[in-house]
Amino acid sequence: MNAPVNAQTLLTSPGAVSIPAQIAAMKATLLKDIQRSAYVYRVDCGGCNGCEIEIFASITPVFDAERFGIKVVPSPRHADILLYTGAMTRAMRMPALRAYEAAPDPKIVVSYGACGCTGGIFHDLYCTWGGTDQLVPVDVYIPGCPPTPAATIYGFAVALGLLGQKLKAETHIEAPGEAAPLAHPDIPYVLRVAIEREARRMAGYRQGRDIAEEFFAVIEQQSDTPFPMRMAQLRATEPDPRRVEIFSRLESVVAEALQA
Amino acid sequence: MDILSQDRVGASILSALRGVLPHAILQEEWQTPRQVTITVKPSALQDVVKTLYYEHYGWVSVVVGNDERSLTGVFAVYYVLSMEGPEKCHIVVRVEVPADTQEFPSVTPVVPACVWGEREVRDMFGLKPVGLPDERRLVLPDDWPDDLHPLRKDSMDYRMRPAPVADNETYPFINEAKGETTIVPVGPLHITSDEPGHFRLFVDGEDIIDADYRMFYVHRGMEKVAESRMGYNEVTFLADRVCGICGYAHSVAYTTSIENALGINVPARAQAIRSILLETERMHSHLLNLGLVCHYVGFDTGFQQFFRVREKAMTLAELLTGSRKTYAMNLIGGVRRDILGEQAAETRRVSAELRVDTQRLVDILLETANVGGRVNGVGLLDKQIARDYSPVGPLVRGSGHARDTRADHAFAGYGLVKNTIRSHDGCDVLARTLVRAEEVFDSLDLIDALLDTAPGGAILTEDFEYLPHKFALGFTEAPRGEDIHWSMTGDNQKLYRWRCRASTYNNWPVLRYMLRGNTVSDAPVIVGSLDPCYSCTDRVTFVDVRKQKSVTVPIEEVERYGRERKNSPLK
């Protein structure tokens with residue numbers, strides 16, 4: 001029942017669509033220099049609705065993609081751009097292909113969202129074929145789960161050549177003798193972990209981390225005032241009662257550790 | 001887990017059941033004080049479900065199939081009933097299905113609400129509900145091989161992709177038109193539907209006589225992947241992606257099911273935070289639907305305005321969770337982010353703004369004569385049909401049934417505050433719209449109340465262990481109604497079985513009755529009033545019963561007609 005399986009033997013490929021050379025050349029020109037407003041047709045191939053609703057948000061007043069000439073049209077026959085969302089499900093294979101065939105050449109295919117780009121969390125499931133590019137050739141990927149309306153507009157701007165894609169790559173090369181500094185070397189490791197865990201239980205990952213760092217800063221302070229006094233000062237000046245509660249919990253963790 | 005007998009809610013229903021059907025119940029097992037699973041004899045299954053449903057205020061929430069051959073040697077089917085009479089609890093009726101015959105009596109003939117559940121069990125496990133009136137495929141795509149049942153433990157690996165057996169849709173639509181009909185297919189995709197589905201309306205001139213539909217175009221196999229590739233906590237994030245609009249409700253339902261199964265005491269503060277986020281999600285979803293109602297009746301100004309205001313609910317979500325959608329805020333045992341004083345203050349400020357803006361828009365909506373004329377008395381869902389099919393959410397509340405999981409089975413932080421159930425007796429699109437509009441303000445009240453009452457303490461507990469083969473239900477009231485999850489833990493740090501049922505699943509079967517007797521131009525607004533995870537139908541085939549001909553019209557055309565009401569596509 002649970003014997004190891006070679007996944008490669010399980011997969012049938014749906015077979016990708018190929019593009020004739022002439023159309024590929026036209027498409028390259030279009031991608032490089034579209035210079036006009038673009039009509040977009042949405043093809044949902046099995047999205048959870050998150051992407052779809054963010055596309056909706058992008059074309060309504062607050063974000064308003066139409067100011068860039070991006071307009072959603074009701075038929076693939078009017079479209080310059082096909083926007084595929086969702087992991088390609090089995091049931092949507094034929095409808096997706098029909099939409100692709102219906103759009104006039106040269107057409108740009110945009111794959112939208114984590115599922116569209118790669119199949120996302122559903123990439124290897126029995127009822128999907130993976131990302132959009134398993135079925136049709138994709139020109140632009142807009143990642144995100146779901147992409148925010150801002151990311152959507154950015155993605156289109158890249159696709160339409162309104163904006164060069166800004167990729168900032170930075171590679172760090174380790175210098176000889178370089179070592180990553182230890183965080184809070186003066187606080188015993190066991191205590192530090194206990195404080196961080198308690199902060200996470202009280203305030204969650206993001207805020208817990210921030211609060212633990214503030215707390216460590218108070219512990220590490222070089223000062224003649226004893227630690228409990230410094231904490232009392234911190235609590236007295238803190239306007240948010242919830243943060244005061246969390247600081248008190250962290251103090252009791254320190255107190256317990258000192259007793260033990 | 002032992003539940004003390006004096007704490008048990010629903011015990012008197014079981015003793016009443018034993019009085020009527022003395023030998024039906026073989027076994028009784030309590031998962032929580034308000035949740036019991038009874039194993040019944042197959043021969044008594046119909047009577048047990050029917051008695052609970054019609055005589056004890058039961059509603060079918062979900063039908064769960066499970067391949068328990070490695071545990072007990074048999075398959076099992078669980079009928080989950082939400083009891084909403086004087087004793088509010090969940091009673092799960094379990095019937096064992098022998099591994100050799102693989103047959104069990106269908107309940108659908110006596111309780112129609114079971115129809116989709118039993119069709120799904122047929123697809124996914126290959127079990128045969130004997131007497132099921134509708135044996136068409138439900139979940140699996142048309143190009144799926146006939147004899148392969150994905151959720152059987154020994155049938156296939158979760159990654160197995162059998163070659164397609166067909167390139168065409170082969171689903172047989174039930175078509176009541178007499179004589180020869182011609183169907184012109186139009187692609188199952190269109191501009192305003194968020195998700196694909198396939199509808200056919202059978203019409204006499206302009207009047208809709210009947211309707212049929214094919215769903216599950218987006219079936220991906222989530223339950224299988226949860227049982228094979230993921231651990232318990234990963235599934236909370238998978239559950240977020242069941243639905244892009246009400247994903248957090250699913251995530252809460254899933255974590256609650258595991259917490260119930262293992263008897264985990266989730267800190268009250270975490271529960272309050274879950275409720276605050278659920279209400280945030282409800283607001284954005286209801287504002288979306290109110291906007292779409294405007295759109296479908298041709299009031300596009302209202303549509304754009306509702307979407308403008310809806311962005312404030314999105315801002316709120318971003319403030320509280322860090323993302324606009326797919327919040328990823330749950331862990332089993334609590335939540336991942338606290339609401340500190342600063343965020344609480346900002347939440348109150350945004351929610352006060354939302355209240356003013358929404359009030360203004362709702363007033364405009366209700367005072368626009370065109371809207372009133374298009375939604376009043378349209379898309380009637382008869383109270384008795386609603387009773388028979390167990391729909392959920394604003395749909396059932398618009399038909400005079402005051403059922404709301406938040407009040408009936410207080411989960412998450414809803415026990416900390418006062419819950420109001422909104423219901424209207426109009427049974428029409430207007431009633432459902434009013435329910436949603438009122439609930440937006442209730443959500444704002446709830447958020448304020450929960451911020452006030454949220455107790456201190458931790459937001460996460462790690463004080464539990466996973467035990468094998470424990471199961472329970474988890475439930476939430478999503479914007480579209482009750483979401484219910486049934487989970488069974490496994491012995492390898494993975495779920496043995498996860499059944500996730502979204503609210504719209506319970507709402508589709510009644511759509512046919514809501515469409516009947518209305519005109520074609522009302523169809524989009526009726527489907528929209530269901531607030532399906534997508535708001536419309538992707539292709540509609542009109543079959544004119546009187547003229548005995550059928551023509552398929554693109555949905556854009558139907559929607560255009562819905563807005564303009566001239567140049568009928570049927571002429």
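Reader: How many residues of chain B are in contact with chain A?
Author: In this predicted model, 61 residues of chain B are in contact with 59 residues of chain A.

Reader: Which helices of chain B supply at least two residues each to that side?
Author: They are α4 (222-228), α8 (300-321) and α9 (341-367) of chain B.

Reader: And which gives the largest share?
Author: That is α8(B), with 4 residues of the side of chain B that touches chain A.

Reader: How do the residues on that side divide into nonpolar, polar and charged?
Author: On the side of chain B that touches chain A, 28 are nonpolar, 11 are polar and 22 are charged.

Reader: Switching to chain A. How do the axes of helix α7 and helix α8 cross?
Author: Helix α7 (residues 227-237) of chain A and helix α8 (residues 241-259) of chain A cross at roughly 165°. Their axes come within 9 Å. Angles over 145 degrees count as roughly antiparallel, so α7(A) is roughly antiparallel to α8(A).

Reader: Is that crossing left-handed or right-handed?
Author: α7(A) passes α8(A) in a left-handed crossing.

Reader: Which residues meet there?
Author: From α7(A) come A:Met231, A:Leu234 and A:Arg235. They meet A:Val244, A:Phe247 and A:Glu251 in α8(A). By class, this contact has 4 nonpolar and 2 charged residues, and no polar ones.

Reader: What are the helix and strand percentages over residues 38-155 of chain B?
Author: The chain is 19% helix and 36% strand there. The end C-alpha atoms of residues 38-155 are 28 Å apart.

Technical notes
Residues numbered from 1 in each chain as written. Chains lettered and ligands numbered in written order. Predicted model: local features only at pLDDT ≥ 70, side-chain atom pairs only at ≥ 80, totals over all residues. Axes fitted to C-alpha atoms, helices over the stretch in contact; angles between N-to-C directions. Parallel < 35°, antiparallel > 145°, perpendicular 65-115°, else oblique. Left-handed = near helix turned anticlockwise from the far one by under 90°. Contact = placed C-beta atoms within 7 Å. Nonpolar A, V, L, I, M, F, W, Y, C, P; charged D, E, K, R; others polar.
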